[in-house]
Amino acid sequence: MKSPIAPSGIFSAQYIPTDAKGRVDRAALAAHIDFERRAGINGLFAFGSTEEFPFFTVNERRATLATIAELAAPLKVFANITDIRPRAAIELGLHAKELGLPAVALMPPMFYPMSQADLLAWFLHVADAVQLPVMLYNFPELAGKRIEPETIVAFAERAPMIAIKQSGGDFAYHLELIALGREKGFVVMSGSDARLPEAFALGAAGCIGGLVNIVPELMVELDRVVRRREPGDVTVASEAMQEVGRILDQLTFPLNVAAGLEARGFDPGVPKSVVSAESRVLYEQIVGELRAVFERLQLPTHQ
């Protein structure tokens, strides 16, 4: 049976603007979250891949998570607490619990290889210590390992699993995950922003995506008409999502999300990693291309 706190609808994989010293720009973050809220999103996903969580210390993640929860209220906030150190993940999970967040997310810890048995043990260890509902988070291209079906089933049978976020290039994996979810009582949240109608057609409960930061109104419209089956025509929104996705794919993730934010008139802050001169030129090109698209679509730029 699906949990009453399981996510559905459109969740922003919330981008976090920081300055040259890595400090969060609260004013820029507040303006952006307010924009997303007014667009009608259902909630936020804090410290996922779009949020570049490996660049933050545990204390920075704790403080920023509290800020996001405050700024997003009353929207739901799900916190990714993944860390290569189990004790750090547990500390972040207990902090999420103190903040009153409804659930946490766990992806495979990065860098070192792990067997599926060890990965299951890692998930269960953290979940047991935190005592909150859990969303697993599958993104093999970044984590370096996939959460296999047998691991998902074993976890769902022994822990309060409410969802799995499916990201990365293996779109077909949605189908198997959705079937497992129906059997074991969890939902699938897609990270395939530009293929959202397809994900909904397969039975995804919603989206947690980076593009929600940039065009939340388009994604909310797709959710309203395609998943919730309300009246409307999403032809323009679907084509626009494809176009935005193609433009952004010219640049590496998640720097491309920052370019999209700037094109919508928001301050993405200073890049958290070193950016080459070539990527900076491409970044500016993408900002210009997206501004032209948004003007044509009559999507207002934040002032």
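The largest pocket holds about 620 Å³ of space. A word on the terms: on a 1 Å grid over the protein atoms alone, a pocket is an open set of points where a 1.4 Å probe fits, with protein on both sides within 12 Å along at least five of seven lines, and lining residues have an atom within 4 Å of a point. The volume is the space filled by probe spheres set on the points, which are joined across faces, edges and corners.

This is a predicted model, in which local features need pLDDT of at least 70 and side-chain atom pairs count only at pLDDT 80 or more, while totals for chains, interfaces and linings use all residues. Residues are numbered from 1 along each chain as its sequence is written, and side-chain values use heavy atoms, with hydrogens and water left out.

What lines the largest pocket? There are 28 residues, and Gly191, Ser192, Asp193, Asp249 and Phe253 lie nearest the centre. Strand E8 (206-209), H10 and helix H11 (255-263) each supply at least two residues of that lining; helices (H or I, at least four residues) and strands (E, at least two) are DSSP runs, numbered from the N terminus. H10 gives the largest share, four residues. By class, the lining has 11 nonpolar, 12 polar and five charged residues. Here Ala, Val, Leu, Ile, Met, Phe, Trp, Tyr, Cys and Pro count as nonpolar, Asp, Glu, Lys and Arg as charged, and the others, Gly among them, as polar.

The second largest pocket has a volume of about 360 Å³. Of its 20 lining residues, Glu52, Phe55, Phe253, Pro254 and Leu255 lie nearest the centre. That lining has 13 nonpolar, five polar and two charged residues.

Now back to H10, and its packing. H10 and helix H12 (residues 277-296) pack at about 170°, with their axes 10 Å apart. That makes H10 roughly antiparallel to H12, the term for angles over 145 degrees. Axes are lines fitted to C-alpha atoms, for helices over the stretch in contact, and angles run from 0 to 180 degrees between N-to-C directions. Glu243, Val244, Ile247 and Leu248 in H10 meet Ile286, Glu289, Leu290, Val293, Phe294 and Arg296 in H12, where contact means heavy atoms within 4.5 Å. This contact has seven nonpolar, no polar and three charged residues.

That's all from me.

Key. Angles under 35 degrees count as roughly parallel, over 145 as roughly antiparallel, 65 to 115 as roughly perpendicular and the rest as oblique.
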